[in-house]
Amino acid sequence: MSRFLIKRLFSATLTLFAVSVLTFLMFFALPRDPVTGMCPKNCNPERLERVRDDLGLNDPLVSQYAGYMKGIVTGRDLGSAQGGRCDAPCLGWSYVSNEAVSDTIARVLPVTLSIVIPAAILWLLLGVGLGMVSALRRGTWLDRAAIGFSLTGASLQLYFVGAVLLLVFVYNLRLLPVPSYTSIFDDPVKWASGLVLAWVALAFLFSAIYARLSRAQMLETLSEDFVRTARAKGLAKPKVYGRHALRAAITPVVTIAGLDVGGALGGTVITETTFGIQGLGRTAVDAVRSGDLPTIMATVLIAAVFVVLANVLVDLLYAAIDPRVRLR
Amino acid sequence: MDSSEPSPSGEPDDRPAVPAQRSDQDAYLRVSDLRVRFDTEDGVVRAVDGVSFAVERGRTLGIVGESGSGKSVTSLAILGLHDPRRTTITGEISVGGRQVVGLSDEEVRRLRGRDMAMIFQDPLSALHPYYTVGRQIAEAYRVHHPKANRREARQRAVDMLDRVGIPQPARRFDQYPHEFSGGMRQRAMIAMSLVNDPALLIADEPTTALDVTVQAQILDLLADLQAEFHSAIILITHDLGVVGQVADDVLVMYGGRAVERGSVEQVLRSPQHPYTWGLLSSVPSLHGDADADLVPIPGNPPSLINLPSGCAFHPRCRYADRAGSRSRSDVPELRPAGQSDSDGHLVACHLGAEERAAFYAEDIASVGVAR
């Protein structure tokens, strides 16, 4: 098991290295001079040259990359124009917002986490629960209702669902405040009430896929021989379904969940925009609009880290669920 | 087991009388006029159509037939493992004196694994791939021994693994099915089915998925365990060779009906139904002429939705014409086959006893199968 873990972590590190090199090349080796975007008005050639020097853009690419990586791991000195000393994890300096990129990230990352993690828990419970129920009650009105629900979810867009939720719960019924982000450590109730609509909207859309997937998986598993064996032993239905069938049916759900959660953590642009909350996704889009290269670079890297981490987690969960995986 | 407990009234035996043979009175399992129908989109499947048999403790009944003959459906119906929403079961199934047909799910569940257990064809798919073998056996024990703690259940499982001939049972307990060989897996499956000392064991093609060398070991093991636990065994197979090795009685099924029934001696030495002849001709014999050709039965097993009229075997039967139009219009009943009415050898064939004897002799001569 520990060998399995080491192998997976090693390949994850390699992936991250490759991603960081690629993003670095894409943004800093593009033919367009990044400095023009960072210097909004009244840029004379001397000032441009100074900024270029500050950014180290006149150094060879390899040492630029090394400097960037060193900044992430140990911190580095960026020079007075970029706020001086930049502590690890240093992601550079944003000329657009005039702050260290790591400070921006530290502000918006908790927002995205607060949106995605509760939403993921909600959509997994809802989706897998619906799938199980409709599989076990196949052909009944319950099954049809669950399928109808999931079809609706799959065919609607988030900005539509979000707008309807806002209209009903915030503006008509006035049950909830206008969505906003409050730290969970400051006021958990305000944190939840400010984000609950975003969770519900995301969960409604995502749970559709999970409901259909887990229904299909469960139906397939129920026809497996080992489920019949479990019944032949005299096990009661909850144990047959819960302990024997569900565990075998859940593996593909884990895979998809890993991809979805990893992807969503990289930014939920539409959700954040619909509910007017500034998270990682909107920050990334804003950075692209204003040509804020250090911030773009950081958000892309963070998204990649989440996807890779989610995949490692999926692999570990796989191994925990299926003992045969540990052999490989 | 429960069946051996004295009845509270003190009466010797007040179980409901079932119209069957006299020897059936002692049988642990009695099945009479069992009919199993499935509703499918294509129509009603008559998977089992009026089958009766009985098995005493300590005896083995071999049920033989091609796939789709209804042999597996019969066993699933006995254990109540059919899908209740689309299956209709009529007739009687009595296990240890209790009528199983019509019991609630919960009541049948309590019998399953405790009074009647089952071994399946492919042990790799029948064992759960994600749980250790030992845990699955211990689980089977704890279902019916809720007071047993984890350690007792483990000890019981290790004992059973040891009993079925698995070396180092305590270490094997913690291994997964994929770490077992095919034969060892089937042994573990047997250990699991016997962990609660059931009086009835149904083995559905228990050796089909195994190597030939392992097959004999598993059959020997079943015979040993039967001697020790004194259980009634139903062995479902398409292989008459397997039946000859371990069964006491044989039931030959075709198209959901019983076509021949009798002791192993009777059915294998003097088979009466042309279908049984066909089955025998398609089994290689170690004792006969090694050059003898194996002769397959022509045609395919019948569709259970649209069974041939009359004798279901008539489209494939070489002798159907000799029985006249009856073979296409009347379903033959199971009747005494031989000279004496009481020897228990039954056959469902329109041909007369002398005709059959003559054709069988002719069959052996033409085909060269020595049995």
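This is a predicted model: local features need pLDDT of at least 70, side-chain atom pairs count only at pLDDT 80 or more; totals for chains, interfaces and linings use all residues.
**Entry 1: a helix across the sheet of chain B**

For one pairing I went into detail. Strand β3 of chain B, residues 60-64, runs parallel to strand β9 of chain B, residues 249-254. I noted four bridges joining β3(B) to β9(B). For Ile63(B), I found the bridge partner in β9(B) to be Leu251(B).

**Entry 2: helix α1 of chain B**

I asked whether helix α1 of chain B, residues 71-79, is largely enclosed or open. Eight of its nine residues are buried, so α1(B) is largely enclosed by the rest of the structure. I listed the buried residues of α1(B) as Lys71(B), Ser72(B), Val73(B), Thr74(B), Leu76(B), Ala77(B), Ile78(B) and Leu79(B). Just after the helix, I found Gly80(B) with a positive phi of about 70°.

**Entry 3: chain B as a whole**

I then turned to the totals. Chain B has 371 residues, of which 47% count as buried. I noted 13 helices and 12 strands in its secondary structure. Taking contacts in chain B between residues at least 6 apart in sequence, I found that 65% join residues at least 24 apart.

**Entry 4: where the chains touch**

I looked up the contact between the chains and found that it takes 18 residues from chain A and 23 residues from chain B. On the side of chain A that touches chain B, α9 (225-232) and α10 (237-249) of chain A each supply at least two residues. I asked which element gives the most to this side of chain A. It is α9(A), with six residues. By type, I recorded seven nonpolar, three polar and eight charged residues on the side of chain A that touches chain B.

**Entry 5: domains of chain A**

Finally, I noted that chain A is divided into domain 1 (32-90) and domain 2 (104-327). Taken over C-alpha atoms, the centres of these two domains of chain A are separated by 38 Å.

How values were computed
Residues are numbered from 1 along each chain as its sequence is written. Chains are lettered from A and ligands numbered from 1 in the order in which they are written. Two residues are in contact if their C-beta atoms, placed from the backbone, lie within 7 Å. Ala, Val, Leu, Ile, Met, Phe, Trp, Tyr, Cys and Pro count as nonpolar, Asp, Glu, Lys and Arg as charged, and the others, Gly among them, as polar. Domain bounds come from an automatic or database domain assignment. A residue is buried if 20 or more other C-beta atoms lie within 10 Å of its own, exposed if 12 or fewer, and partly exposed in between; C-beta atoms are placed from the backbone. Two strands pair if DSSP finds at least two bridges between them.
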